Amino acid sequence: MSGAGQLLVGEACHNAIIKAGWRPEYVGGMTLGADPIAYAIAAHATRSGHALDAFTVRKSPKGHGTGRQIEGGLPAGARVVVIEDSVTSGGSLLAALKVIENHGAVVVGVLALVDRREGGTERLLEAGYDFRALFDATDLL
């Protein structure tokens, strides 16, 4: 993501989080799609005077060292917004949500840049998550 893109995405997503009233302590999601978005949000929030940190969920636990699946110092009990670049079926996002909840974090919201309108939104809502997307596929066509 370009530097200008990081500034725009960080601001737009942080504003969406504030508008939703979620009040997270951390933002993050499945690597690689969520990483630049989560870190852009955390940077924008920090510049705006809001304490907000980012974390990354690995697809599988690290094979050496600590063996962690979540990086970034996410403590159990932390309020989090889970981030995704685009949602299609919702499968990878639901997998990340499971890892995050098993870690002990509290998911207060789920935010994507784009909802591709291919069933993911419905799966997330059926699973009980407060899901929002900045854009849907029709906005970008």
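This report walks through the nonpolar cores, a helix pair and the salt bridges of a predicted model.

## The nonpolar cores

Let's start inside. The largest nonpolar core has 22 residues, and V80 and I100 are the ones that touch the most other members. Five elements each put in at least two residues: β1 (26–30), β2 (53–57), β4 (79–87), α3 (91–103) and β5 (106–115). The largest share belongs to α3, with 5 residues. As a general point, nonpolar side chains in soluble globular proteins tend to be buried together.

V80 is worth a click in the viewer. Leaving aside neighbours within four places in sequence, V80 is in contact with P24, Y26, F55, L74, I100, A105, V106, V107, V108 and G109. Apart from this core lies another one, of 21 residues, including C13, A16, I41 and A42.

## Where α1 meets α2

Now for the helix pair. Helices α1 and α2 (residues 35–47) pack with their axes 8 Å apart, at an angle of about 75°. Angles of 65 to 115 degrees count as roughly perpendicular, so that is the label for α1 against α2. On the α1 side, the contact is made by Q6, L7, V9, G10, E11, C13, H14 and I17, while α2 brings I37, A40, I41, H44, A45 and R47. Sorted by type, the residues of this contact come out as 8 nonpolar, 4 polar and 2 charged.

Is H14 buried or exposed? H14 sits in α1 (residues 3–20), and its relative accessibility is 5%, so it counts as buried. Skipping the neighbours within four places in sequence, H14 is in contact with I41, H44, A45, S48, H50 and L52.

## Salt bridges

How many salt bridges does the whole structure hold? The search finds 5. Side chains of opposite charge can pair when their charged atoms come close.

Two of the pairings involve R117. D115 forms a salt bridge with R117, with the closest N and O atoms 3.2 Å apart, and D136 meets R117 in another, at 3.1 Å from N to O. The D136 pair links distant parts of the chain: D136 is in strand β6 (residues 131–136), and R117 is in the loop between β5 and α4 (120–126), 19 residues away.

Elsewhere, R58, R68 and E71 are linked in a salt-bridge network. Within this trio, the side chains of R68 and E71 meet at 3.7 Å, N to O. R68 has a relative accessibility of 41%, so it counts as partly exposed.

Key. Residues are numbered from 1 along each chain as its sequence is written. This is a predicted model: local features need pLDDT of at least 70, side-chain atom pairs count only at pLDDT 80 or more; totals for chains, interfaces and linings use all residues. Side-chain values use heavy atoms; hydrogens and water are left out. A nonpolar core is a set of buried Ala, Val, Leu, Ile, Met, Phe, Trp, Tyr and Cys residues joined through side-chain atoms within 4.5 Å. Buried means under 20% relative accessible area, exposed over 50%, partly exposed in between (1.4 Å probe, protein chains only). Helices (H or I, at least four residues) and strands (E, at least two) are DSSP runs, numbered from the N terminus. Contact means heavy atoms within 4.5 Å. Axes are lines fitted to C-alpha atoms, for helices over the stretch in contact, and angles run from 0 to 180 degrees between N-to-C directions. Angles under 35 degrees count as roughly parallel, over 145 as roughly antiparallel, 65 to 115 as roughly perpendicular and the rest as oblique. Ala, Val, Leu, Ile, Met, Phe, Trp, Tyr, Cys and Pro count as nonpolar, Asp, Glu, Lys and Arg as charged, and the others, Gly among them, as polar. A salt bridge is a side-chain nitrogen of Lys or Arg within 4 Å of a carboxyl oxygen of Asp or Glu.
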